[in-house]
Amino acid sequence: MRVIICDDEKSTCARLEQMLKEISLEKSMELEIDVFFEGTALTRYLEREAAADILFLDIQFPGEGINGVEVGKYIRETLNNPHMFLVYISSREEYAMELFQNQPFDFLVKPVSKERLARVMEKIFAAAGRSRRTFKYKRQGQICQIRYEDILYFQSEGRKISIVTDSGTESFYGKLSEVEKECPGSMFLRIHKSFLVNMQHTREITYEWMKMGNGDVLDISRANRAAVRRKIMESMTDEIRNGG
């Protein structure tokens, strides 16, 4: 897998690169690592080169260049890449809701420990394996399947379940609660009795709705709002809860 580290602190980049090399040897993970020290150079690189699989990205950079939030937005919206594993690294922890718009996979608080970094890498490799799995359903007597990563969201209307993707919609009969059990919990989030969304395809979120990658705006039900917000905050504060 291709990994990019982007942080203006050269010592942080060097330490992360060394730890990643050690982890790759210990865990038999094949990694190709590149390093950048500011966001503008990184976006120019990503514009002309193949996308990385994993990006460790600082939030704040000195000077007038773009910051880590803007880099994440560029990757998700301009490059239209929902698949890159984006891991923010920072000494500050108050960015949770703003960073969520860029669908980060995790958040690491500086100084980053090797143990914590290893856990994140294991989660990434596990999630990469899940993303290659498919959701199976029966339609007109035939077994069909679709990759989880291609699904924007499921919508329930009575007993009819619609699978919404960038290329269209497929339907089958079933219960959304059963679909939810089948889907990877790290990717999918129930926001309404009628909607189960793929968080990797979320483009914008407020307290009342989510905007998906295809432009669809989905209501977050009153009953689910607290749980949705809690899920977002938990994903951003996992580093603190696990003691770094």
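Start by selecting helix 2 (residues 39-48) and helix 3 (residues 68-78): they pack at an angle of about 10 degrees, and their axes are 10 Å apart. Keep in mind as you click around that this is a predicted model. Two packed helices are described by just these things, the angle between their axes and the distance between the axes. Angles under 35 degrees count as roughly parallel, so that is the label for helix 2 and helix 3. Their crossing is right-handed.

Now show the side chains where these two helices touch. On helix 2, pick Gly39, Leu42, Thr43, Leu46 and Glu47; on helix 3, pick Val71, Tyr74 and Ile75. Sorted by class, this contact has 5 nonpolar, 2 polar and 1 charged residues.

Which of its residues are buried? Select Gly39, Thr40, Leu42, Thr43, Tyr45 and Leu46, and you have them. Then zoom in on the start of helix 2, where a side-chain oxygen of Glu38 comes to within 3.0 Å of the backbone nitrogen of Thr40.

Next stop: the loop between helix 3 and strand 4 (85-90), where you'll find Asn81. Is Asn81 buried or exposed? Asn81 has a relative accessible area of 13%, so it counts as buried. Its side chain reaches the backbone nitrogen of His83 at 2.9 Å. Leaving aside neighbours within four places in sequence, Asn81 is in contact with Ala51, Ile75 and Arg76.

With a relative accessible area of 53%, Asn80 is exposed. Check its backbone as well: phi of Asn80 is near 55 degrees, a positive value in a residue other than glycine. Most residues other than glycine have a negative phi, and most peptide bonds are trans.

For the last stop, jump to Pro111, in the loop between strand 5 (106-109) and helix 5 (114-131). What kind of peptide bond joins Lys110 and Pro111? Here the bond is cis, with omega at about -5 degrees.

Terms used
Residues numbered from 1 in each chain as written. Predicted model: local features only at pLDDT ≥ 70, side-chain atom pairs only at ≥ 80, totals over all residues. Heavy atoms only, no water. Axes fitted to C-alpha atoms, helices over the stretch in contact; angles between N-to-C directions. Helix = DSSP H or I, 4+ residues; strand = E, 2+ residues; numbered from the N terminus. Parallel < 35°, antiparallel > 145°, perpendicular 65-115°, else oblique. Left-handed = near helix turned anticlockwise from the far one by under 90°. Contact = heavy atoms within 4.5 Å. Nonpolar A, V, L, I, M, F, W, Y, C, P; charged D, E, K, R; others polar. Buried < 20%, exposed > 50% of the residue type's maximum accessible area, 1.4 Å probe, protein only. Polar contact = N/O pair within 3.5 Å; in protein donor to acceptor, adjacent residues only side chain to side chain.
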